[in-house]
Amino acid sequence: MGIVIRDLHKSFGPKVVLDGFSVEARDGETLVILGGSGSGKSVTLKHVVGLLTPDSGEVEVDGQIVSTLAREELFELRRKVGYVFQFAALFDSMTLAENVAMGLRRKSDMDREAIAERVEECLRLVDLDGYGERTPSELSGGQRKRAGIARAIATKPQYLLYDEPTTGLDPVTRAMIDQLILRMSDELGVTGIVITHDMDSAFRVADRFAMLHNGRCRFEGTPDEIRACEDPVVRGFIEGRPELMEKES
Amino acid sequence: MQLLLKPFALLGRGGMTLAAGVGQWGRLTAETVQAARHVDVWLRLLIPQMARVGVDSVPIALFIALFTGIVLALQASYTFTGAIPLYFVGVLVGKTMMLELGPVLTGLALSGRVGANIAAEIGTMRVTEQIDALETLAYPPIAYLVVPRVLAGIIMVPVVTALAIGVGIVAGWITAIQLLDMSSADFVNGLTLFFLPFDVTFAMIKATSFGFIITSIGCFFGFNTQGGAEGVGHSTTRAVVVSSMAILVLDAFWALVLL
């Protein structure tokens with residue numbers, strides 16, 4: 001059923017972050033949301049799982065309006081959604097295996113052995129097999145990010161939200177994470193929203209693009225459409241030419 | 001004129017901040033009671049938290065109680081010499097350790113050790129999005145983080161306090177017979193002279209309330225941490241200061257209500 005964001009408004013004090021943002025991630029596709037730092041991309045993603053409540057507007061996930069759900073219904077919905085945090089947000093008091101198992105313990109009826117097997121499988125998928133007994137402090141930045149992905153995909157969610165999954169990683173790890181995002185979409189039919197600044201990665205994984213600018217959707221379309229887009233703000237962003245964006249604003 | 005009004009404005013702002021803080025803490029407390037129904041989430045975390053809050057705090061609590069018992073005995077003897085029979089040293093050590101110093105000093109020590117630890121841990125989890133991660137993994141954060149810590153405080157602070165009272169009294173007893181030329185029988189006689197079973201109840205009621213205050217305030221400031229490392233530092237300091245003040249206010253409250 002996909003994820004539909006309709007006319008989302010959100011302010012923090014006097015600062016307006018989202019000013020009527022609307023976009024849709026259709027069933028089974030990967031939508032990449034582009035936007036500058038502080039443009040509200042992470043804020044948008046947090047509305048999708050109910051970590052933030054909109055001032056007005058709504059987010060519909062799997063046919064349910066997130067902000068109207070009772071707490072228990074929200075937890076039910078979250079069982080279908082995996083969230084990859086920008087800085088991984090691993091639980092530092094636990095080992096990597098325990099981190100990955102957290103969602104499985106809560107979101108599934110699997111027994112201990114099945115959970116251990118699934119944890120191994122997920123760690124293998126992100127090339128971290130053999131790292132299960134390490135704590136997050138013993139991992140590099142890239143390894144932490146991959147561990148965050150392993151934790152998010154462990155429960156085989158229907159929806160995956162990636163908050164800058166490749167930022168700050170080396171090119172090989174970036175390519176590996178891109179392949180993983182593609183695989184989740186192609187093989188498992190997962191609906192994904194990726195927010196990123198990394199244009200190479202964005203073009204590799206996107207089925208469609210949306211650009212968030214001044215709290216609103218500035219562009220929505222396919223990779224071919226964004227390449228052909230004449231809007232100076234969009235062009236300035238994807239080509240890394242701030243002079244185009246400045247001229248417009 | 002504005003200069004004259006400034007203190008009142010400051011006072012008013014301070015009062016409003018205090019009222020808002022108490023309200024938010026009350027709300028967290030109510031949510032904690034509600035979240036206690038998620039037994040499957042907090043039950044397996046309770047024993048480790050009891051170990052951290054209680055067992056790990058025993059050395060510092062007993063260290064304080066040991067020296068408090070010694071000093072109480074020496075000061076009582078110094079005060080009573082020539083005026084009051086020395087067996088009253090036992091009365092003073094027993095009553096003071098049980099009714100006041102055992103619970104209050106243990107509470108203050110634990111507000112530094114346990115309250116600060118809780119605020120720093122939960123605060124760090126807040127600023128590194130670990131609490132958000134708990135939510136996305138369908139764990140109610142209050143059931144996962146607050147309920148086991150508050151329950152551990154309510155259960156273990158009275159246990160640690162009881163041990164501290166015991167050690168303080170024994171330390172006073174040994175001091176009395178070794179340094180004050182008192183017999184063991186004199187000390188025990190004094191100890192039992194005005195003893196009431198209610199004294200124990202009073203000490204445990206105080207300790208239980210202190211356990212709740214220390215852990216709930218630590219959780220409150222941890223949950224409301226903003227910013228990075230600096231924010232965690234602020235939360236930790238405020239948790240210790242506020243819980244220490246709350247312990248002293250509660251101490252007076254219980255004395256007023258129960259004695």
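## Chain B and the model

The secondary structure of chain B consists of nine helices and zero strands, where helices (H or I, at least four residues) and strands (E, at least two) are DSSP runs numbered from the N terminus. The C-alpha trace of chain B spans about 65 × 60 × 30 Å along its principal axes. Of its 259 residues, 46% count as buried; a residue is buried if 20 or more other C-beta atoms, placed from the backbone, lie within 10 Å of its own, exposed if 12 or fewer do, and partly exposed in between.

This is a predicted model, in which local features need pLDDT of at least 70 and side-chain atom pairs count only at pLDDT 80 or more, while totals for chains, interfaces and linings use all residues. Residues are numbered from 1 along each chain as its sequence is written, and chains are lettered from A and ligands numbered from 1 in the order in which they are written. Chain B averages a pLDDT of 94, with 100% of the residues scoring at least 70; pLDDT is the predictor's confidence in each residue, from 0 to 100. The model as a whole scores ipTM 0.89 and pTM 0.88.

## Domains of chain A

Chain A is divided into domain 1 (3-80 + 158-248) and domain 2 (91-156), with bounds that come from an automatic or database domain assignment. The C-alpha centres of domain 1 and domain 2 of chain A lie 25 Å apart. Twelve residues of domain 1 of chain A are in contact with 13 residues of domain 2 of chain A, contact meaning that the C-beta atoms, placed from the backbone, lie within 7 Å. On the side of domain 1 of chain A that touches domain 2, the largest share, six residues, comes from helix α6 (residues 171-188) of chain A.

## An open sheet in chain A

Four strands of chain A form an open sheet in the order β2-β1-β4-β5, with antiparallel pairing; two strands pair if DSSP finds at least two bridges between them. Because β2 (15-25) and β5 (64-65) of chain A each have a single partner strand, they stand at the edges, and one side of each is left without a neighbour in the sheet. Strand β1 (residues 3-12) of chain A is joined to β2(A) by eight bridges, and Phe12(A) stands opposite Lys15(A) in β2(A).

## The buried strand β8

Five of the five residues of strand β8 (residues 191-195) of chain A are buried, so this strand is largely enclosed by the rest of the structure. Thr191(A), Ile193(A) and Ile195(A) point one way from β8(A), whereas Gly192(A) and Val194(A) point the other way. Strand β3 (residues 30-34) of chain A runs parallel to β8(A) and is joined to it by four bridges, with Ile33(A) as the bridge partner of Ile195(A). Strand β7 (residues 159-163) of chain A also runs parallel to β8(A), through five bridges, and Leu160(A) stands opposite Gly192(A).

## The largest nonpolar core

The largest nonpolar core has 141 residues, of which Ala150(A), Leu161(A) and Ile193(A) touch the most other members; such a core is a set of buried Ala, Val, Leu, Ile, Met, Phe, Trp, Tyr and Cys residues joined through C-beta atoms within 7 Å. Helix α6 (residues 141-179) of chain B gives the most to this core, with 19 residues.

Definitions and conventions. Two residues are in contact if their C-beta atoms, placed from the backbone, lie within 7 Å.
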